[in-house]
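User: Could you take a close look at one part for me, the salt bridges, and then tell me about what lies around them? Keep it chatty, but give me the cut-offs.

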Amino acid sequence: MRSPKPHNTIWSSPPLCLFTSTTLLPCSADIARVLAPRGVVAFTVNSGAGVRLLPTLRFAHGRPYLRDVISAAGLKLVTLEEAAIRTEKGVPVNGLVLIAGLPHQPQDVAPDQVGS
């Protein structure tokens with residue numbers, strides 16, 4: 001299978017609210033695999049403790065769980081903020097907005113370029 005072209009930006013909202021604890025990590029690892037070196041991934045999820053199924057049949061994800069998933073996928077968390085991510089029946093839904101990227105690799109510098 002041919003490798004996909006690296007992506008600079010990957011955005012998902014709200015599909016990741018439908019991901020369980022067994023599917024979010026493989027999805028995040030696939031995102032890391034196709035992300036360009038300075039690219040970012042951003043997505044929203046319902047906020048909650050751990051991972052739990054809500055009456056709306058969406059999953060809520062907690063901050064510690066998301067941090068662990070991002071790290072295990074080989075990504076670096078940039079921000080994880082609370083926000084109203086949508087409305088349901090006219091009521092704002094509390095969620096989390098996550099932005100992550102690949103860890104930056106130090107640039108190779110030739111010895112004669114140091115200090116110039």
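Analyst: Let's start with the term itself: a salt bridge here is a side-chain nitrogen of Lys or Arg within 4 Å of a carboxyl oxygen of Asp or Glu. Before we go on, this is a predicted model, so local features need pLDDT of at least 70 and side-chain atom pairs count only at pLDDT 80 or more, while totals for chains, interfaces and linings use all residues. Residues are numbered from 1 along each chain as its sequence is written, and side-chain values use heavy atoms, with hydrogens and water left out.

The structure holds 4 salt bridges. One of them joins Arg58 and Glu88, at 3.7 Å from N to O. Arg58 sits in the loop between strand 3 (51–53) and strand 4 (59–61), and Glu88 belongs to strand 5 (residues 76–88), so this pair ties together parts that are 30 residues apart in sequence. (Strands are DSSP runs of E with at least two residues, helices are runs of H or I with at least four, and both are numbered from the N terminus.)

Glu88 also pairs with Arg86, at 2.9 Å from N to O. With a relative accessible area of 26%, Glu88 is partly exposed, whereas Arg86, at 16%, is buried. The cut-offs: buried is under 20% relative accessible area, exposed is over 50%, and partly exposed is in between, using a 1.4 Å probe and protein chains only. Through shared partners, the salt bridges link Arg58, Arg86 and Glu88 into one network.

Arg86 has another partner too: its side chain makes a polar contact with the side chain of Asn46, at 3.2 Å. That term means a pair of N or O atoms within 3.5 Å; within protein, one must be able to donate a hydrogen and the other to accept it, and residues adjacent in sequence count only if both atoms are side-chain atoms. Asn46 comes from strand 2 (residues 35–47) and is buried, at 4% relative accessibility.

Most residues other than glycine have a negative phi. Leu57 isn't a glycine, yet has a positive phi of about 65°; you'll find Leu57 in the loop between strand 3 and strand 4, exposed at 60% relative accessible area. Lys89 also has a positive phi, near 55°. Lys89 lies in the loop between strand 5 and strand 6 (91–101), and is exposed with a relative accessible area of 89%.

Asp30 is partly exposed at 42%, and Arg33 is exposed at 56%.

Take Leu75: leaving out residues up to four places away in sequence, Leu75 touches a list of residues including Ser28, Ala32, Val41 and Ile70, a contact being heavy atoms within 4.5 Å.
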